[in-house]
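Here are my notes for you on this model. Keep the 3D view open and go through the points one at a time.

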Amino acid sequence: DDTPEGPAPFFDSGNPRSLLKLFLLLSVLSMVVILLLVGYSIHQIYGSQMIRDAEEDAVAVGQAILQQERGTLIARDAGGRERIAVAREKFAGLDARMRDFLQPFHIYKIKVFSGDKTIVYSTDPSIIGKVDSGNAKLDRVLKSGEVTSKLENKDKVLDLADEQRFNVDVVETYLPIRAGDAIVGSFEIYEDITRTRERVTKVVALSVSVLFAVLVVVFTSLYVPMRKGAMHLKRAQDELRETRDYLENLLEYANAPVIVWDPASRITRFNRAFEHMTGYAADEVIGRELSMLFPEASRSEALGKISRTLGGEHWESVEIPIFRKDGAVRVALWNSATLFAADGTTAIATIAQGQDITERKQAEEAVRDAHQRLSFHVNRMPLAYIVWDTDFKVMVWNSAAERVFGWEANEAIGKHSHEL
(Lines give C-alpha, C1' and ligand atoms only; values in the text may rest on other atoms or scores of the structure.)
Protein backbone atom coordinates (compact mmCIF):
# COMPACT_ATOMS: atom_id res chain seq x y z
CA ASP A 1 0.00 0.00 0.00
CA ASP A 2 1.67 3.18 -1.20
CA THR A 3 -0.93 5.50 0.33
CA PRO A 4 0.98 8.12 2.36
CA GLU A 5 0.22 8.19 6.05
CA GLY A 6 -1.65 11.21 7.34
CA PRO A 7 -0.06 13.70 9.73
CA ALA A 8 0.46 12.49 13.26
CA PRO A 9 -2.27 13.68 15.65
CA PHE A 10 -1.35 16.69 17.78
CA PHE A 11 -2.37 14.91 20.96
CA ASP A 12 -1.73 11.24 21.55
CA SER A 13 -2.95 10.16 24.98
CA GLY A 14 -0.33 7.41 25.07
CA ASN A 15 2.61 9.70 24.36
CA PRO A 16 4.03 11.89 27.20
CA ARG A 17 5.47 14.30 24.61
CA SER A 18 1.92 15.00 23.47
CA LEU A 19 1.08 15.81 27.08
CA LEU A 20 3.84 18.40 27.09
CA LYS A 21 2.56 19.87 23.82
CA LEU A 22 -0.94 20.06 25.26
CA PHE A 23 0.40 21.69 28.43
CA LEU A 24 2.30 24.29 26.40
CA LEU A 25 -0.76 25.02 24.26
CA LEU A 26 -3.05 25.32 27.28
CA SER A 27 -0.44 27.44 29.07
CA VAL A 28 -0.22 29.89 26.18
CA LEU A 29 -4.00 30.02 25.83
CA SER A 30 -4.39 30.45 29.59
CA MET A 31 -1.84 33.25 29.64
CA VAL A 32 -3.55 35.03 26.76
CA VAL A 33 -6.99 34.69 28.39
CA ILE A 34 -5.68 35.76 31.81
CA LEU A 35 -3.84 38.76 30.38
CA LEU A 36 -6.84 39.83 28.31
CA LEU A 37 -9.26 39.46 31.22
CA VAL A 38 -6.98 41.17 33.71
CA GLY A 39 -6.09 43.96 31.26
CA TYR A 40 -9.74 44.50 30.39
CA SER A 41 -10.79 44.41 34.05
CA ILE A 42 -8.11 46.88 35.15
CA HIS A 43 -8.97 49.15 32.25
CA GLN A 44 -12.68 49.01 33.12
CA ILE A 45 -12.01 49.66 36.80
CA TYR A 46 -9.77 52.63 36.09
CA GLY A 47 -12.12 53.83 33.38
CA SER A 48 -15.09 53.76 35.75
CA GLN A 49 -13.03 55.53 38.38
CA MET A 50 -12.01 58.21 35.85
CA ILE A 51 -15.65 58.83 34.99
CA ARG A 52 -16.60 59.04 38.69
CA ASP A 53 -13.72 61.45 39.39
CA ALA A 54 -14.62 63.58 36.37
CA GLU A 55 -18.27 63.56 37.48
CA GLU A 56 -17.33 64.64 41.00
CA ASP A 57 -15.16 67.42 39.52
CA ALA A 58 -18.02 68.50 37.27
CA VAL A 59 -20.48 68.58 40.19
CA ALA A 60 -18.03 70.64 42.27
CA VAL A 61 -17.40 73.02 39.35
CA GLY A 62 -21.13 73.32 38.64
CA GLN A 63 -21.94 74.07 42.27
CA ALA A 64 -19.14 76.65 42.42
CA ILE A 65 -20.37 78.33 39.22
CA LEU A 66 -23.97 78.40 40.45
CA GLN A 67 -22.91 79.85 43.78
CA GLN A 68 -20.74 82.50 42.10
CA GLU A 69 -23.01 83.35 39.16
CA ARG A 70 -26.45 82.67 40.57
CA GLY A 71 -27.53 86.28 40.16
CA THR A 72 -26.41 86.26 36.54
CA LEU A 73 -27.80 82.87 35.51
CA ILE A 74 -31.15 82.88 37.33
CA ALA A 75 -33.83 85.48 36.85
CA ARG A 76 -37.54 85.72 37.70
CA ASP A 77 -40.21 85.72 35.03
CA ALA A 78 -43.39 87.83 35.05
CA GLY A 79 -45.06 85.31 37.35
CA GLY A 80 -42.23 85.50 39.89
CA ARG A 81 -40.86 82.07 39.13
CA GLU A 82 -37.13 81.53 38.88
CA ARG A 83 -35.74 80.42 35.56
CA ILE A 84 -32.42 80.26 33.70
CA ALA A 85 -31.78 83.40 31.69
CA VAL A 86 -28.76 85.60 30.95
CA ALA A 87 -29.30 89.24 30.16
CA ARG A 88 -27.55 90.42 26.98
CA GLU A 89 -25.61 93.12 28.81
CA LYS A 90 -24.25 90.58 31.32
CA PHE A 91 -23.11 88.05 28.79
CA ALA A 92 -19.61 89.42 28.11
CA GLY A 93 -18.75 89.67 31.79
CA LEU A 94 -20.14 86.18 32.46
CA ASP A 95 -18.15 84.69 29.60
CA ALA A 96 -14.90 86.29 30.78
CA ARG A 97 -15.41 85.14 34.35
CA MET A 98 -16.32 81.64 33.23
CA ARG A 99 -13.21 81.24 31.10
CA ASP A 100 -10.99 82.55 33.91
CA PHE A 101 -12.64 80.22 36.41
CA LEU A 102 -12.46 77.14 34.18
CA GLN A 103 -8.90 77.70 32.99
CA PRO A 104 -7.15 75.81 35.84
CA PHE A 105 -9.37 72.77 35.29
CA HIS A 106 -9.25 70.37 32.38
CA ILE A 107 -12.60 71.64 31.15
CA TYR A 108 -12.68 72.82 27.55
CA LYS A 109 -16.39 73.56 27.19
CA ILE A 110 -19.51 74.18 29.24
CA LYS A 111 -23.16 74.59 28.38
CA VAL A 112 -25.99 76.04 30.46
CA PHE A 113 -29.49 74.87 29.53
CA SER A 114 -32.78 76.42 30.54
CA GLY A 115 -35.73 74.29 31.54
CA ASP A 116 -36.97 74.17 27.93
CA LYS A 117 -33.58 72.74 26.74
CA THR A 118 -32.42 76.03 25.24
CA ILE A 119 -28.70 76.76 25.47
CA VAL A 120 -28.61 80.11 27.27
CA TYR A 121 -24.85 80.13 27.69
CA SER A 122 -21.82 78.22 26.36
CA THR A 123 -18.11 78.78 25.97
CA ASP A 124 -18.90 78.01 22.31
CA PRO A 125 -20.93 81.10 21.38
CA SER A 126 -22.04 79.58 18.05
CA ILE A 127 -24.55 77.29 19.76
CA ILE A 128 -26.15 79.79 22.16
CA GLY A 129 -29.90 80.00 21.61
CA LYS A 130 -30.20 76.52 20.08
CA VAL A 131 -32.64 73.99 21.51
CA ASP A 132 -31.26 70.47 22.17
CA SER A 133 -34.62 68.71 22.02
CA GLY A 134 -33.39 65.23 21.09
CA ASN A 135 -30.94 64.88 23.97
CA ALA A 136 -32.12 61.95 26.14
CA LYS A 137 -29.51 62.57 28.86
CA LEU A 138 -30.54 66.19 29.15
CA ASP A 139 -34.19 65.18 29.28
CA ARG A 140 -33.43 62.71 32.10
CA VAL A 141 -31.53 65.23 34.24
CA LEU A 142 -34.24 67.87 33.84
CA LYS A 143 -36.95 65.40 34.87
CA SER A 144 -35.24 63.41 37.63
CA GLY A 145 -32.31 65.53 38.70
CA GLU A 146 -30.01 62.55 38.21
CA VAL A 147 -26.38 63.39 37.44
CA THR A 148 -25.34 61.59 34.24
CA SER A 149 -21.82 61.12 32.85
CA LYS A 150 -20.46 59.46 29.76
CA LEU A 151 -16.96 58.90 28.36
CA GLU A 152 -16.55 59.73 24.68
CA ASN A 153 -13.71 60.21 22.23
CA LYS A 154 -13.77 63.38 20.11
CA ASP A 155 -11.81 63.56 16.85
CA LYS A 156 -11.25 67.29 17.34
CA VAL A 157 -12.38 70.03 19.75
CA LEU A 158 -11.83 73.72 20.42
CA ASP A 159 -10.52 74.49 23.89
CA LEU A 160 -11.17 77.65 25.90
CA ALA A 161 -8.29 79.35 24.07
CA ASP A 162 -10.01 78.54 20.74
CA GLU A 163 -7.17 76.18 19.87
CA GLN A 164 -8.05 73.03 17.99
CA ARG A 165 -7.14 69.72 19.60
CA PHE A 166 -7.39 66.23 18.12
CA ASN A 167 -8.29 62.80 19.48
CA VAL A 168 -9.49 63.97 22.85
CA ASP A 169 -11.02 61.75 25.56
CA VAL A 170 -13.88 63.63 27.18
CA VAL A 171 -16.28 62.95 30.05
CA GLU A 172 -19.58 64.73 29.41
CA THR A 173 -21.49 65.35 32.65
CA TYR A 174 -25.06 66.59 32.95
CA LEU A 175 -26.06 67.98 36.37
CA PRO A 176 -29.21 69.84 37.38
CA ILE A 177 -29.48 73.49 38.31
CA ARG A 178 -31.93 73.89 41.17
CA ALA A 179 -33.82 76.89 42.45
CA GLY A 180 -35.14 75.67 45.76
CA ASP A 181 -36.71 72.29 45.11
CA ALA A 182 -37.38 73.00 41.45
CA ILE A 183 -35.05 71.98 38.61
CA VAL A 184 -34.80 75.04 36.41
CA GLY A 185 -31.99 74.01 34.10
CA SER A 186 -28.82 71.97 33.61
CA PHE A 187 -25.09 72.24 33.19
CA GLU A 188 -23.29 70.17 30.59
CA ILE A 189 -19.60 70.13 31.44
CA TYR A 190 -16.92 68.66 29.16
CA GLU A 191 -13.80 67.56 31.04
CA ASP A 192 -10.70 66.52 29.11
CA ILE A 193 -9.25 63.32 30.63
CA THR A 194 -6.87 62.50 27.76
CA ARG A 195 -3.74 62.66 29.92
CA THR A 196 -5.38 60.73 32.72
CA ARG A 197 -6.44 58.04 30.30
CA GLU A 198 -2.94 57.88 28.83
CA ARG A 199 -1.58 57.35 32.34
CA VAL A 200 -4.18 54.66 32.96
CA THR A 201 -3.23 52.97 29.69
CA LYS A 202 0.42 52.97 30.78
CA VAL A 203 -0.55 51.57 34.18
CA VAL A 204 -2.61 48.83 32.51
CA ALA A 205 0.22 48.01 30.11
CA LEU A 206 2.73 47.91 32.98
CA SER A 207 0.40 45.74 35.09
CA VAL A 208 -0.16 43.33 32.22
CA SER A 209 3.60 43.21 31.55
CA VAL A 210 4.36 42.41 35.19
CA LEU A 211 1.60 39.79 35.23
CA PHE A 212 2.96 38.32 32.00
CA ALA A 213 6.41 37.99 33.58
CA VAL A 214 4.90 36.36 36.67
CA LEU A 215 2.88 33.91 34.53
CA VAL A 216 5.95 33.03 32.47
CA VAL A 217 7.86 32.25 35.68
CA VAL A 218 4.96 30.23 37.10
CA PHE A 219 4.30 28.20 33.96
CA THR A 220 8.03 27.68 33.38
CA SER A 221 8.44 26.42 36.94
CA LEU A 222 5.60 23.98 36.23
CA TYR A 223 6.90 22.98 32.79
CA VAL A 224 10.43 22.06 33.86
CA PRO A 225 9.45 19.31 36.35
CA MET A 226 6.65 18.20 34.02
CA ARG A 227 9.15 17.80 31.19
CA LYS A 228 11.48 15.77 33.39
CA GLY A 229 8.58 13.62 34.53
CA ALA A 230 7.32 13.20 30.96
CA MET A 231 10.75 12.15 29.74
CA HIS A 232 11.06 9.66 32.59
CA LEU A 233 7.58 8.35 31.78
CA LYS A 234 8.51 8.13 28.09
CA ARG A 235 11.58 6.04 28.90
CA ALA A 236 9.51 3.83 31.20
CA GLN A 237 6.91 3.44 28.45
CA ASP A 238 9.57 2.52 25.91
CA GLU A 239 11.05 -0.06 28.27
CA LEU A 240 7.59 -1.41 29.05
CA ARG A 241 6.75 -1.54 25.34
CA GLU A 242 9.97 -3.41 24.61
CA THR A 243 9.23 -5.86 27.42
CA ARG A 244 5.66 -6.30 26.22
CA ASP A 245 6.77 -6.88 22.63
CA TYR A 246 9.37 -9.36 23.82
CA LEU A 247 6.81 -11.27 25.87
CA GLU A 248 4.27 -11.09 23.04
CA ASN A 249 6.76 -12.60 20.62
CA LEU A 250 7.90 -15.11 23.21
CA LEU A 251 4.33 -16.31 23.73
CA GLU A 252 3.35 -16.10 20.08
CA TYR A 253 6.33 -17.96 18.65
CA ALA A 254 7.06 -20.34 21.54
CA ASN A 255 7.41 -23.99 20.55
CA ALA A 256 5.04 -25.01 23.33
CA PRO A 257 1.27 -24.39 22.99
CA VAL A 258 0.18 -21.46 25.20
CA ILE A 259 -3.40 -20.49 25.94
CA VAL A 260 -4.95 -17.83 28.21
CA TRP A 261 -8.55 -17.67 29.40
CA ASP A 262 -10.54 -15.22 31.54
CA PRO A 263 -12.66 -15.98 34.66
CA ALA A 264 -15.65 -16.70 32.38
CA SER A 265 -13.58 -19.44 30.66
CA ARG A 266 -13.41 -17.45 27.42
CA ILE A 267 -10.24 -17.78 25.39
CA THR A 268 -8.22 -14.53 25.25
CA ARG A 269 -4.83 -15.70 23.89
CA PHE A 270 -3.97 -18.58 21.56
CA ASN A 271 -0.44 -18.85 20.21
CA ARG A 272 0.82 -20.37 16.97
CA ALA A 273 1.94 -23.64 18.54
CA PHE A 274 -1.60 -24.08 19.84
CA GLU A 275 -2.90 -23.33 16.33
CA HIS A 276 -0.63 -26.06 14.98
CA MET A 277 -1.74 -28.57 17.62
CA THR A 278 -5.49 -27.97 17.22
CA GLY A 279 -5.83 -26.92 13.58
CA TYR A 280 -7.76 -23.80 14.69
CA ALA A 281 -6.61 -20.29 13.79
CA ALA A 282 -6.47 -17.85 16.71
CA ASP A 283 -9.29 -15.66 15.36
CA GLU A 284 -11.52 -18.76 15.26
CA VAL A 285 -11.27 -19.36 19.01
CA ILE A 286 -10.57 -15.98 20.63
CA GLY A 287 -13.63 -15.00 22.67
CA ARG A 288 -15.20 -18.48 22.53
CA GLU A 289 -15.80 -20.91 25.38
CA LEU A 290 -12.82 -23.03 26.40
CA SER A 291 -15.01 -26.14 26.36
CA MET A 292 -14.84 -26.26 22.53
CA LEU A 293 -11.29 -27.64 22.81
CA PHE A 294 -12.19 -30.76 24.81
CA PRO A 295 -13.60 -34.07 23.58
CA GLU A 296 -17.10 -34.88 24.76
CA ALA A 297 -15.95 -37.91 26.77
CA SER A 298 -13.50 -35.95 28.95
CA ARG A 299 -15.08 -32.46 28.76
CA SER A 300 -16.68 -32.43 32.22
CA GLU A 301 -13.47 -33.61 33.90
CA ALA A 302 -11.39 -31.01 32.01
CA LEU A 303 -13.79 -28.17 32.88
CA GLY A 304 -13.71 -29.22 36.53
CA LYS A 305 -9.94 -28.91 36.54
CA ILE A 306 -10.17 -25.52 34.82
CA SER A 307 -12.69 -24.18 37.34
CA ARG A 308 -10.31 -25.07 40.17
CA THR A 309 -7.57 -22.95 38.58
CA LEU A 310 -9.71 -19.84 39.21
CA GLY A 311 -9.36 -20.56 42.91
CA GLY A 312 -5.60 -20.49 42.60
CA GLU A 313 -4.87 -24.17 41.93
CA HIS A 314 -1.82 -24.69 39.73
CA TRP A 315 -1.47 -27.51 37.25
CA GLU A 316 1.73 -29.50 37.39
CA SER A 317 1.98 -31.98 34.50
CA VAL A 318 -1.76 -32.55 34.17
CA GLU A 319 -2.83 -34.66 31.19
CA ILE A 320 -5.84 -33.22 29.31
CA PRO A 321 -7.00 -34.43 25.90
CA ILE A 322 -7.48 -31.72 23.24
CA PHE A 323 -10.07 -31.92 20.47
CA ARG A 324 -8.69 -30.87 17.07
CA LYS A 325 -10.67 -29.05 14.39
CA ASP A 326 -10.49 -32.16 12.16
CA GLY A 327 -12.00 -34.34 14.90
CA ALA A 328 -8.75 -35.98 16.03
CA VAL A 329 -7.79 -35.98 19.71
CA ARG A 330 -4.35 -34.98 20.96
CA VAL A 331 -3.05 -35.51 24.48
CA ALA A 332 -1.23 -32.61 26.14
CA LEU A 333 0.64 -32.33 29.41
CA TRP A 334 -0.26 -29.02 31.05
CA ASN A 335 1.22 -26.56 33.55
CA SER A 336 -0.86 -23.52 34.57
CA ALA A 337 -0.72 -20.33 36.63
CA THR A 338 -3.52 -17.97 37.65
CA LEU A 339 -3.08 -14.18 37.48
CA PHE A 340 -4.75 -12.13 40.22
CA ALA A 341 -5.77 -8.48 40.53
CA ALA A 342 -4.04 -6.09 42.94
CA ASP A 343 -6.17 -7.36 45.83
CA GLY A 344 -4.49 -10.76 45.47
CA THR A 345 -7.79 -12.66 45.53
CA THR A 346 -9.66 -11.71 42.36
CA ALA A 347 -8.63 -13.93 39.45
CA ILE A 348 -8.30 -12.05 36.16
CA ALA A 349 -6.83 -14.73 33.90
CA THR A 350 -5.27 -18.16 33.75
CA ILE A 351 -2.32 -18.98 31.50
CA ALA A 352 -1.47 -22.57 30.61
CA GLN A 353 1.49 -24.03 28.76
CA GLY A 354 1.17 -27.44 27.21
CA GLN A 355 3.33 -30.17 25.71
CA ASP A 356 1.86 -32.40 23.04
CA ILE A 357 2.66 -35.93 24.26
CA THR A 358 0.42 -37.77 21.82
CA GLU A 359 3.34 -39.41 19.99
CA ARG A 360 5.05 -40.22 23.29
CA LYS A 361 1.89 -41.85 24.62
CA GLN A 362 1.56 -43.80 21.41
CA ALA A 363 5.23 -44.91 21.60
CA GLU A 364 4.79 -45.97 25.24
CA GLU A 365 1.73 -47.97 24.29
CA ALA A 366 3.65 -49.62 21.43
CA VAL A 367 6.53 -50.55 23.77
CA ARG A 368 4.07 -51.94 26.27
CA ASP A 369 2.39 -54.05 23.59
CA ALA A 370 5.75 -55.31 22.28
CA HIS A 371 6.85 -56.24 25.78
CA GLN A 372 3.65 -58.14 26.38
CA ARG A 373 4.04 -60.02 23.09
CA LEU A 374 7.69 -60.84 23.85
CA SER A 375 6.81 -62.10 27.34
CA PHE A 376 4.09 -64.24 25.87
CA HIS A 377 6.48 -65.91 23.39
CA VAL A 378 9.29 -66.34 25.95
CA ASN A 379 6.95 -68.08 28.39
CA ARG A 380 5.77 -70.53 25.71
CA MET A 381 9.11 -71.41 24.14
CA PRO A 382 10.26 -75.06 24.84
CA LEU A 383 13.79 -74.12 25.85
CA ALA A 384 14.81 -72.74 29.25
CA TYR A 385 15.25 -68.97 28.89
CA ILE A 386 17.12 -67.08 31.60
CA VAL A 387 18.32 -63.46 31.66
CA TRP A 388 20.86 -62.17 34.22
CA ASP A 389 21.82 -58.56 34.93
CA THR A 390 25.43 -57.41 35.26
CA ASP A 391 25.50 -58.67 38.86
CA PHE A 392 24.39 -62.13 37.74
CA LYS A 393 21.00 -61.75 39.32
CA VAL A 394 18.11 -63.38 37.51
CA MET A 395 15.81 -61.03 35.66
CA VAL A 396 13.83 -63.43 33.44
CA TRP A 397 12.94 -67.08 34.20
CA ASN A 398 10.49 -68.71 31.76
CA SER A 399 8.21 -71.70 32.14
CA ALA A 400 10.71 -74.05 30.54
CA ALA A 401 13.35 -72.98 33.09
CA GLU A 402 10.88 -73.82 35.85
CA ARG A 403 10.48 -77.32 34.46
CA VAL A 404 14.22 -77.88 33.83
CA PHE A 405 15.59 -76.50 37.16
CA GLY A 406 12.61 -76.96 39.44
CA TRP A 407 12.54 -73.35 40.61
CA GLU A 408 9.40 -71.25 40.20
CA ALA A 409 9.91 -67.93 38.47
CA ASN A 410 8.97 -65.95 41.60
CA GLU A 411 11.61 -67.94 43.51
CA ALA A 412 14.39 -67.53 40.98
CA ILE A 413 14.01 -63.93 39.92
CA GLY A 414 16.33 -61.69 41.93
CA LYS A 415 18.63 -64.50 43.13
CA HIS A 416 22.33 -64.74 42.31
CA SER A 417 23.38 -67.52 39.97
CA HIS A 418 25.41 -69.37 42.67
CA GLU A 419 22.26 -69.56 44.80
CA LEU A 420 20.48 -71.69 42.23
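Before we start, a word on the labels: helices (H or I, at least four residues) and strands (E, at least two) are DSSP runs, numbered from the N terminus. And keep in mind that you're looking at a predicted model.

1. Let's begin with a loop. Serine 265 sits in the loop that links E8 and E9. Its phi is positive, about 65°, even though serine 265 is not a glycine. Why is that worth a second look? Most residues other than glycine have a negative phi. Serine 265 has a relative accessible area of 17%, so it counts as buried.

2. Aspartate 162 is not a glycine either, and its phi is near 60°, a positive value. You'll find aspartate 162 in the loop between strand E5 (148-158) and E6. Is aspartate 162 buried or exposed? Its relative accessibility is 55%, so aspartate 162 counts as exposed.

3. Next, the sheet that holds E8 and E9. It's an open sheet of five strands, and the order to trace is E9-E8-E12-E11-E10, with antiparallel pairing. Which strands stand at the edges? They are E9 (267-270) and E10 (318-323); each has a single partner strand, so one side of each has no neighbour in the sheet. From one strand to the next, the twist averages 35°.

4. Stay with that sheet and zoom in on one pair. E11 (residues 329-340) and E12 (residues 347-356) are antiparallel and pair over nine bridges. If you want a spot to check by eye, alanine 332 stands opposite aspartate 356 in E12. Helix H4 (residues 194-253) packs on this sheet, where it touches E8 (258-261), E9 and E12. The direction of H4 makes about 80° with that of E9. Helix H7 (residues 299-309) packs on the sheet too, touching E8, E10, E11 and E12. For H7, the angle to the direction of E10 is about 120°.

5. There's another open sheet of five strands, with the order E4-E3-E7-E6-E5 and antiparallel pairing. Here the edge strands are E4 (119-122) and E5, each of which pairs on one side only. Ignoring direction, neighbouring strands in this sheet are turned by 25° against each other on average. Three bridges join E3 to E4, and phenylalanine 113 has isoleucine 119 in E4 as its bridge partner.

6. Look at E7 (residues 182-192) in that sheet. How many of its 11 residues are buried? Nine are, so E7 is largely enclosed by the rest of the structure. E7 is joined to E3 (residues 107-114) by seven bridges, and the two run antiparallel; valine 112 stands opposite phenylalanine 187 in E7. With E6 (residues 164-179), E7 makes an antiparallel pair over 10 bridges, in which alanine 179 stands opposite alanine 182. E6 and E7 form a hairpin with two residues between the strands, and glycine 180 has a positive phi near 70° there.

7. Which helices lie across this sheet? H1 lies across E3, E5, E6 and E7, and runs at about 55° to E6. H4 lies across E5, E6 and E7, at about 115° to E6.

8. Now for two helices packed together. Such a pair is described by the angle between the axes and the distance between them. The axes of H1 (residues 16-73) and H2 (residues 88-102) come within 11 Å and cross at roughly 165°. That makes H1 roughly antiparallel to H2. The crossing of H1 and H2 is right-handed. Residues in the contact include Val61, Ala64, Ile65 and Leu73 of H1, along with Leu94, Arg97, Met98 and Phe101 of H2. Sorted by class, this contact has eight nonpolar, three polar and three charged residues.

9. Last, a hairpin to finish on. E13 (residues 386-388) and E14 (residues 394-397) run antiparallel and are joined by three bridges, with isoleucine 386 opposite tryptophan 397 in E14. Five residues lie between E13 and E14, and phenylalanine 392 in the turn has a positive phi of about 65°.

Conventions:
Residues numbered from 1 in each chain as written. Predicted model: local features only at pLDDT ≥ 70, side-chain atom pairs only at ≥ 80, totals over all residues. Heavy atoms only, no water. Axes fitted to C-alpha atoms, helices over the stretch in contact; angles between N-to-C directions. Parallel < 35°, antiparallel > 145°, perpendicular 65-115°, else oblique. Left-handed = near helix turned anticlockwise from the far one by under 90°. Contact = heavy atoms within 4.5 Å. Nonpolar A, V, L, I, M, F, W, Y, C, P; charged D, E, K, R; others polar. Pairing = 2+ DSSP bridges. Buried < 20%, exposed > 50% of the residue type's maximum accessible area, 1.4 Å probe, protein only.
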